[in-house]
Amino acid sequence: MRYSHDGDYLLIHNVDNSLYLLHVFSRTLVQIVDPQYGLKMAQFSANDKHIQYHIRDDENVPWKVWQYDLDSRVASPSSDKLAPQNEPLAVWQARISAFIPSDMIADSMRIYRPAIFNGGIYYVIRQGHQLSLYRYTHNPRQNTYIGELGFYGYGADVSLSLATSSDGSRLVYNQVTDFEYDIVINTL
(Lines give C-alpha, C1' and ligand atoms only; values in the text may rest on other atoms or scores of the structure.)
Protein backbone atom coordinates (compact mmCIF):
# COMPACT_ATOMS: atom_id res chain seq x y z
CA MET A 1 0.00 0.00 0.00
CA ARG A 2 1.19 3.51 -0.75
CA TYR A 3 -0.38 6.94 -0.27
CA SER A 4 -0.40 9.63 -2.95
CA HIS A 5 1.58 12.75 -2.01
CA ASP A 6 -1.63 14.76 -1.47
CA GLY A 7 -3.19 11.96 0.63
CA ASP A 8 -6.28 11.61 -1.59
CA TYR A 9 -5.48 8.13 -2.97
CA LEU A 10 -4.07 4.86 -1.74
CA LEU A 11 -2.46 2.24 -3.99
CA ILE A 12 -3.09 -1.33 -2.88
CA HIS A 13 -0.83 -4.01 -4.36
CA ASN A 14 -2.62 -7.26 -3.68
CA VAL A 15 -0.84 -10.59 -3.07
CA ASP A 16 -2.18 -11.88 -6.41
CA ASN A 17 -0.31 -8.99 -8.17
CA SER A 18 -3.43 -6.94 -8.81
CA LEU A 19 -3.12 -3.19 -8.30
CA TYR A 20 -6.05 -1.18 -6.94
CA LEU A 21 -6.58 2.53 -6.45
CA LEU A 22 -8.65 3.58 -3.44
CA HIS A 23 -10.01 7.12 -3.18
CA VAL A 24 -9.59 7.73 0.55
CA PHE A 25 -12.62 9.98 1.07
CA SER A 26 -15.23 8.33 -1.15
CA ARG A 27 -13.86 4.80 -0.48
CA THR A 28 -14.16 4.09 -4.22
CA LEU A 29 -11.96 1.16 -5.27
CA VAL A 30 -10.79 0.75 -8.90
CA GLN A 31 -8.66 -2.08 -10.25
CA ILE A 32 -5.80 -0.67 -12.33
CA VAL A 33 -3.72 -3.72 -13.22
CA ASP A 34 -4.22 -7.47 -13.17
CA PRO A 35 -0.90 -8.78 -14.52
CA GLN A 36 -0.36 -12.44 -15.15
CA TYR A 37 3.34 -12.66 -14.30
CA GLY A 38 4.34 -9.70 -12.25
CA LEU A 39 3.98 -6.19 -10.97
CA LYS A 40 6.49 -4.17 -8.96
CA MET A 41 7.48 -0.66 -7.88
CA ALA A 42 4.01 0.88 -8.16
CA GLN A 43 4.25 4.54 -7.16
CA PHE A 44 2.65 7.91 -7.70
CA SER A 45 4.39 10.45 -9.91
CA ALA A 46 5.73 13.53 -8.12
CA ASN A 47 2.69 15.59 -9.22
CA ASP A 48 0.16 12.79 -8.39
CA LYS A 49 -1.18 12.81 -11.96
CA HIS A 50 0.04 9.30 -12.84
CA ILE A 51 0.70 5.95 -11.23
CA GLN A 52 3.87 4.37 -12.57
CA TYR A 53 4.78 0.70 -12.26
CA HIS A 54 6.84 -2.14 -13.72
CA ILE A 55 4.89 -4.95 -15.33
CA ARG A 56 5.55 -7.97 -17.50
CA ASP A 57 3.25 -10.30 -19.38
CA ASP A 58 5.62 -13.26 -19.42
CA GLU A 59 8.14 -14.31 -16.79
CA ASN A 60 10.80 -14.68 -19.51
CA VAL A 61 10.66 -11.07 -20.76
CA PRO A 62 12.13 -7.93 -19.20
CA TRP A 63 10.09 -5.60 -17.02
CA LYS A 64 8.34 -2.70 -18.78
CA VAL A 65 7.37 0.65 -17.27
CA TRP A 66 3.70 1.61 -17.60
CA GLN A 67 1.73 4.53 -16.28
CA TYR A 68 -1.90 5.00 -15.37
CA ASP A 69 -3.31 8.49 -15.91
CA LEU A 70 -5.56 9.49 -12.99
CA ASP A 71 -7.56 11.98 -15.08
CA SER A 72 -8.29 9.84 -18.16
CA ARG A 73 -8.17 6.49 -16.26
CA VAL A 74 -6.07 5.00 -19.09
CA ALA A 75 -2.92 2.88 -18.77
CA SER A 76 -0.16 3.15 -21.38
CA PRO A 77 3.54 2.27 -21.83
CA SER A 78 5.99 4.84 -20.49
CA SER A 79 9.58 5.67 -21.41
CA ASP A 80 10.33 6.84 -17.86
CA LYS A 81 12.68 4.91 -15.59
CA LEU A 82 11.48 4.19 -12.08
CA ALA A 83 13.78 4.50 -9.13
CA PRO A 84 13.03 3.46 -5.56
CA GLN A 85 11.67 6.45 -3.63
CA ASN A 86 13.16 5.48 -0.27
CA GLU A 87 16.14 3.61 1.09
CA PRO A 88 15.94 -0.20 0.79
CA LEU A 89 14.18 -2.14 3.52
CA ALA A 90 17.44 -3.86 4.53
CA VAL A 91 18.92 -0.49 5.52
CA TRP A 92 15.95 0.21 7.80
CA GLN A 93 16.08 -3.30 9.28
CA ALA A 94 19.70 -2.73 10.26
CA ARG A 95 18.81 0.59 11.93
CA ILE A 96 15.88 -0.90 13.84
CA SER A 97 18.01 -3.81 15.07
CA ALA A 98 19.67 -1.39 17.51
CA PHE A 99 16.32 -1.39 19.39
CA ILE A 100 14.70 -4.75 18.56
CA PRO A 101 16.46 -8.14 18.04
CA SER A 102 16.96 -8.77 14.31
CA ASP A 103 15.37 -12.25 14.38
CA MET A 104 12.20 -10.74 15.86
CA ILE A 105 12.18 -8.09 13.11
CA ALA A 106 12.55 -10.65 10.31
CA ASP A 107 9.80 -12.87 11.75
CA SER A 108 7.44 -9.91 12.12
CA MET A 109 8.11 -8.58 8.62
CA ARG A 110 6.87 -11.88 7.18
CA ILE A 111 3.43 -10.94 8.53
CA TYR A 112 3.32 -7.15 8.05
CA ARG A 113 5.15 -5.38 5.27
CA PRO A 114 6.46 -2.14 6.79
CA ALA A 115 5.81 1.36 5.41
CA ILE A 116 8.77 3.61 4.66
CA PHE A 117 8.37 7.39 4.60
CA ASN A 118 10.80 10.29 4.22
CA GLY A 119 13.10 9.88 7.20
CA GLY A 120 11.49 6.88 8.86
CA ILE A 121 9.55 3.64 8.83
CA TYR A 122 6.44 2.20 10.48
CA TYR A 123 6.70 -1.47 11.35
CA VAL A 124 4.93 -4.12 13.40
CA ILE A 125 6.53 -6.48 15.90
CA ARG A 126 4.91 -9.77 16.83
CA GLN A 127 5.44 -11.00 20.38
CA GLY A 128 3.63 -14.28 20.73
CA HIS A 129 0.26 -13.47 19.18
CA GLN A 130 0.30 -9.77 20.11
CA LEU A 131 1.02 -7.25 17.31
CA SER A 132 2.58 -3.91 18.27
CA LEU A 133 3.05 -0.89 15.99
CA TYR A 134 6.29 1.15 16.09
CA ARG A 135 7.67 4.21 14.29
CA TYR A 136 11.41 4.58 13.78
CA THR A 137 12.88 7.91 12.62
CA HIS A 138 16.43 8.40 11.45
CA ASN A 139 16.85 12.05 12.44
CA PRO A 140 16.53 12.13 15.37
CA ARG A 141 17.37 8.46 15.81
CA GLN A 142 14.30 7.40 17.73
CA ASN A 143 12.15 4.29 18.05
CA THR A 144 8.61 5.03 19.28
CA TYR A 145 5.95 2.56 20.39
CA ILE A 146 2.60 3.63 18.84
CA GLY A 147 0.17 1.00 20.15
CA GLU A 148 -1.31 -2.47 19.93
CA LEU A 149 -2.87 -3.70 16.66
CA GLY A 150 -4.52 -6.76 18.15
CA PHE A 151 -3.78 -10.48 18.05
CA TYR A 152 -2.45 -12.60 15.21
CA GLY A 153 -3.37 -16.25 15.18
CA TYR A 154 -3.15 -17.07 11.49
CA GLY A 155 -0.76 -19.07 9.32
CA ALA A 156 2.14 -17.67 7.35
CA ASP A 157 0.00 -17.31 4.20
CA VAL A 158 -1.80 -14.24 5.61
CA SER A 159 0.13 -11.12 4.61
CA LEU A 160 -0.80 -7.71 6.00
CA SER A 161 0.45 -4.25 5.03
CA LEU A 162 1.11 -0.78 6.31
CA ALA A 163 1.08 2.36 4.14
CA THR A 164 2.00 5.90 5.03
CA SER A 165 2.00 9.35 3.52
CA SER A 166 5.40 10.61 2.36
CA ASP A 167 5.82 12.68 5.55
CA GLY A 168 4.62 9.90 7.89
CA SER A 169 1.63 11.87 9.22
CA ARG A 170 -1.02 9.41 7.92
CA LEU A 171 -0.99 5.66 8.28
CA VAL A 172 -3.18 2.94 6.78
CA TYR A 173 -2.99 -0.68 7.83
CA ASN A 174 -4.79 -4.00 7.53
CA GLN A 175 -6.26 -5.19 10.75
CA VAL A 176 -7.54 -8.67 11.51
CA THR A 177 -10.35 -8.76 14.05
CA ASP A 178 -11.72 -12.21 14.80
CA PHE A 179 -12.04 -13.65 11.27
CA GLU A 180 -12.50 -10.39 9.33
CA TYR A 181 -10.00 -8.12 7.62
CA ASP A 182 -10.39 -4.37 7.80
CA ILE A 183 -8.49 -1.35 6.50
CA VAL A 184 -7.86 1.29 9.15
CA ILE A 185 -6.90 4.89 8.30
CA ASN A 186 -5.15 6.78 11.09
CA THR A 187 -3.73 10.31 11.38
CA LEU A 188 -0.73 10.49 13.70
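Tutor: Start with a definition: helices (H or I, at least four residues) and strands (E, at least two) are DSSP runs, numbered from the N terminus. By that count the protein has 2 helices and 16 strands. This is a predicted model, in which local features need pLDDT of at least 70, side-chain atom pairs count only at pLDDT 80 or more, and totals for chains, interfaces and linings use all residues. Residues are numbered from 1 along each chain as its sequence is written, and side-chain values use heavy atoms, with hydrogens and water left out.

Student: What about Y145: what is its class?

Tutor: Y145 has a relative accessible area of 42%, so Y145 is partly exposed.

Student: How much of the protein counts as buried?

Tutor: Of its 188 residues, 41% count as buried. The protein exposes about 10,200 Å², and carbon and sulfur atoms supply 49% of that area. Such areas come from the Shrake-Rupley method with a 1.4 Å probe; for residues, only the protein chains shown count as cover.

Student: What makes the buried residues of α2 line one face of the helix?

Tutor: Helix α2 covers residues 102-109, and its buried residues are I105, S108 and M109. Seen down the axis of α2, they fall within an arc of 95 degrees, so they line one face. The arc is that of the directions from the helix axis to the C-beta atoms. As a general rule, an α-helix has 3.6 residues a turn, so residues three or four places apart point the same way.

Student: How do you know that two rings form an aromatic pair?

Tutor: Rings of Phe, Tyr and Trp (its six-membered ring) pair if their centres lie within 6.5 Å. Planes under 30 degrees apart count as stacked, over 60 as edge-to-face and the rest as tilted. The count here comes to 3 aromatic pairs.

Student: Why is the pair of F117 and Y122 called tilted?

Tutor: The ring centres of F117 and Y122 are 5.3 Å apart and the planes are at 40 degrees, so the pair is tilted. Both F117 and Y122 are buried.

Student: And why is the pair of Y134 and Y145 called edge-to-face?

Tutor: The centres of Y134 and Y145 are 5.6 Å apart, and their planes stand at 65 degrees, so the pair is edge-to-face. Y134 lies in strand β12 (residues 130-137) and Y145 in strand β13 (residues 142-151), so the pair ties together parts that are 11 residues apart in sequence. Ring pairs also link Y123, Y134 and Y145 into a cluster.

Student: What makes β5 an edge strand?

Tutor: Two strands pair if DSSP finds at least two bridges between them. An open sheet of 4 strands has the order β5-β6-β7-β8, with antiparallel pairing. β5 (39-44) and β8 (74-77) each have a single partner strand, so one side of each is left without a neighbour in the sheet.

Student: How do you know that β5 and β6 pair?

Tutor: 4 bridges join β5 to strand β6 (residues 50-55), and the two run antiparallel.

Student: Which strands does β3 pair with?

Tutor: Strand β2 (residues 9-13) and strand β3 (residues 19-23) pair in the antiparallel sense over 5 bridges. Another 4 bridges join β3 to strand β4 (residues 29-33), also antiparallel. β3 and β4 form a hairpin with 5 residues between them, and R27 in the turn has a positive phi of about 65 degrees.

Student: What makes D48 worth a look?

Tutor: Most residues other than glycine have a negative phi, and most peptide bonds are trans. Phi of D48 is near 60 degrees, a positive value in a residue other than glycine. D48 sits in the loop between β5 and β6. At 12% relative accessibility, D48 counts as buried.

Student: Where is the cis peptide bond?

Tutor: The bond from N139 to P140 is cis, with omega near 5 degrees. P140 is in the loop between β12 and β13.

Terms used. Buried < 20%, exposed > 50% of the residue type's maximum accessible area, 1.4 Å probe, protein only.
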